[in-house]
Amino acid sequence: MNPIVRSGAAARAGALLILVGPLVSWAAEFITAAAWQDPPYSPLYNWVSHLGLTGPPQTAFGQVANSPLGAVMDTGWVIYGTLLIIGTFLVFDPRKGTRPIIIMVLAVLAGAGVSLVGIFQGSNANVDNGLIAFHTVGAQGVMLAGNIMAIAVGAGGTRIGLTRGRSLASITLGTAGLIAFPLFMTDVFTGWMWDIGLFERAVIYPIMIGHALLGSSVAAIQRHRPTHPPAPLTARVAS
């Protein structure tokens, strides 16, 4: 088996960054949702991206949006995307073939996507000035690239060091997210908008869980990996 991940302090740091990214985003989401009280935020009904609206209360994309701590959510998304890209580049070794390069490219697309969601809000103002295109491309980019990345990670799990169970879990998560994506888009474009937050999270959460799974797995592997390689047999015999 030819590993596609680096070893040493850089890989350990990268694994922790990949793990911390979704945890920061989840923490920001829970804090921001708790502050949204007028009307109370519903994770099943309300858009996820509406948590990041920092302007005055408004009706955007068919829903009343009033997020007092929108900047917290936006910051969480940008941190998540940045940590994912940096962490992936520290963990994976592009010299080991096509698979690590594919995973790194997908991580860049997913990380840039979630960061764009935080930078360009889904507000009425951005609809009017055209900047909503960056928000939309970012959101759909992370939904697709993030779930495909989970599948790619699971498919190469043995070369990353993942157990069979974790590899299958990563593939399952990515597949579930990709199945939910067209359902979410249908809910949006048909104008049905039934429990949009539920469908949106069905696409997003598998990505976040997959990143947490990847980061924690690589961190555990690096922690138990010997710091120094064993001495050659001839050296041990001579000693």
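**View 1. Thr98 lies in helix α3.** Helices here are DSSP runs of H or I with at least four residues, strands are runs of E with at least two, and both are numbered from the N terminus. This is a predicted model, in which local features need pLDDT of at least 70, side-chain atom pairs count only at pLDDT 80 or more, and totals for chains, interfaces and linings use all residues. Residues are numbered from 1 along each chain as its sequence is written, and side-chain values use heavy atoms, with hydrogens and water left out. Thr98 counts as exposed, at 57% relative accessibility; exposed means over 50% relative accessible area, buried under 20%, and partly exposed in between (1.4 Å probe, protein chains only). Between the C-alpha atoms of Thr98 and Gly146, which are 48 residues apart along the chain, the separation is 18 Å.

**View 2. Helices α3 and α5 cross at roughly 150°.** Their axes come within 7 Å; axes are lines fitted to C-alpha atoms, for helices over the stretch in contact, and angles run from 0 to 180 degrees between N-to-C directions. α3 is therefore roughly antiparallel to α5, a term for angles over 145 degrees. Residues of α3 that meet α5 include Arg99, Ile103, Leu106 and Gly113. On the α5 side, the residues include Phe134, His135, Gly146 and Met149.

**View 3. The largest nonpolar core has 40 residues.** A nonpolar core is a set of buried Ala, Val, Leu, Ile, Met, Phe, Trp, Tyr and Cys residues joined through side-chain atoms within 4.5 Å. Those with the most contacts inside this core are Val91, Phe92, Ile103, Met149, Val153, Ile160 and Leu214. At least two core residues come from each of α1 (9-35), α2 (70-91), α3 (98-119), α5 (132-155) and α8 (196-224). α3 gives the largest share, seven residues. Not counting residues up to four places away in sequence, Ile103 touches Ile4, Thr88, Phe92, Met149, Ala152, Val153 and Ile160, where contact means heavy atoms within 4.5 Å. A second, separate core of nine residues includes Met143, Ala180, Phe181 and Phe184.

**View 4. Helix α7 spans residues 164-189.** Its buried residues include Ser167, Leu173, Gly177, Ala180, Phe181, Phe184 and Asp187. After α7 comes Gly191, with a positive phi near 80°.

**View 5. His50 lies in the loop between α1 and β1 (58-60).** His50 is buried, with a relative accessible area of 1%. Leaving aside neighbours within four places in sequence, His50 is in contact with Trp36, Ala60, Phe61, Gln63, Ala65, Ser67 and Gly122.

Methods
Expected span 1.5 Å × (residues − 1). Parallel < 35°, antiparallel > 145°, perpendicular 65-115°, else oblique.
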